[in-house]
Amino acid sequence: MTLSEKDRVANIELSFRLLMAELGDRSISRTFFDPHLPPFDGVLQTTWKELCDQGWIEEWELYGQPHYRLTGRGWIEGLWQTGASKDRSLLERLGNLAAALKGYVKGRQRDVIVEFGRLIGDVKLPEGWVFNAIESGVFEKLQRRHGAPWQERGILIRIPLNFGIELLDHTADLRAQLEAMEEQLETATKELLEYKCSFCGAPIDAQGPVPLSEDVDGYFVSYACGRYEVDGDEQPCPSDPRFPKLDDYELEFKEHPDEPSLKWFCWARPKTPIARRVRLQSGQGRTKEEARQQVVDSYTRIAKPWPRR
Ligand SMILES: [Zn+2]
């Protein structure tokens, strides 16, 4: 028979209620539970296994039978599962314990180590419960504050100077890391895109340093589509909507009557800023029309979108 998810969760809750009630104020290290005895007969075999897998309990073979013992993590989980983590009585106990621990480091410049036995005498709280609180790191887990760990388990406690101070928000740390990674990814993607023309997808055919003036070097990138960039100045891609039209040029002519054959010259004078960035070849011809046609052909070649065929 397979149990529904809901039944499994309910049986785990039941097991924690029973474990925490049986434990009471006793120390988790000294309290072993026999799964074959009441009140645990309602706890399923699969639940014990789940609790072991989660690290909430440990299995020990005692008297030839498996027994279970809560771990520090299991004790915290028990506080959550039973709702005890929000009990006023628990908060009062934690307050008393914290005050006693803080008392030892007050005015000190270094961490302080205290005897567990001495602490028990000072706090007037059940020894088992104090053991469980130290063992489980209850201040970190329930209150997100720096706690006081064992220096020697069950014997000595180390109280750090920052005891009781709020832990850094580690989730915020993770979020910050994630943001940084996303930024890196964005930059990497942009860099990858830069290997191709963003308008037409043409590959880069050349790039490198280029002298801009006597002592200033720029960096140029030239694409197979004819797009060319150097430090903010560019010749646009033919697929770029800003690419100049032929109308953006004033065609100017000059006749050289002395020339034997090619008497006509034509050149394109850019009329717009974008046209100034795309230089057209000048034309020469026997007739005015021939010279003009050469300039128009030059424009047609340069304005043809990649891939050119
Ligand atoms: Zn392009």
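User: In this predicted model, which strand holds Tyr-219, and is Tyr-219 buried or exposed?
Analyst: In the predicted model, Tyr-219 is found in strand 7, which covers residues 217-223. Because Tyr-219 has 12 other C-beta atoms within 10 Å, Tyr-219 is classed as exposed.

User: Which residues is Tyr-219 in contact with, leaving aside its neighbours within four places in sequence?
Analyst: Contact here requires C-beta atoms, placed from the backbone, to lie within 7 Å. With neighbours within four places in sequence left aside, the contacts of Tyr-219 are Pro-209, Val-210, Val-230 and Asp-231.

User: What separates the C-alpha atoms of Tyr-219 and Gly-285?
Analyst: Along the chain, Tyr-219 and Gly-285 are 66 residues apart.

User: How are helix 1 and helix 2 oriented to each other, and which residues meet?
Analyst: The axes of helix 1 (residues 5-23) and helix 2 (residues 45-53) come within 10 Å and cross at roughly 75°, which means that helix 1 is roughly perpendicular to helix 2. By class, this contact has two nonpolar, three polar and one charged residues. The residues that meet are Asn-11, Ile-12 and Ser-15 in helix 1 with Thr-47, Glu-50 and Leu-51 in helix 2.

User: How far apart are the C-alpha centres of domain 2 and domain 4?
Analyst: The domain assignment places domain 2 at 87-159 and domain 4 at 246-303, with domain 1 at 8-78 and domain 3 at 189-235. Between the C-alpha centres of domain 2 and domain 4, the distance is 91 Å.

Notes: Residues numbered from 1 in each chain as written. Predicted model: local features only at pLDDT ≥ 70, side-chain atom pairs only at ≥ 80, totals over all residues. Domains from an automatic or database assignment. Axes fitted to C-alpha atoms, helices over the stretch in contact; angles between N-to-C directions. Helix = DSSP H or I, 4+ residues; strand = E, 2+ residues; numbered from the N terminus. Parallel < 35°, antiparallel > 145°, perpendicular 65-115°, else oblique. Contact = placed C-beta atoms within 7 Å. Nonpolar A, V, L, I, M, F, W, Y, C, P; charged D, E, K, R; others polar. Buried ≥ 20, exposed ≤ 12 C-beta atoms within 10 Å, placed from the backbone.
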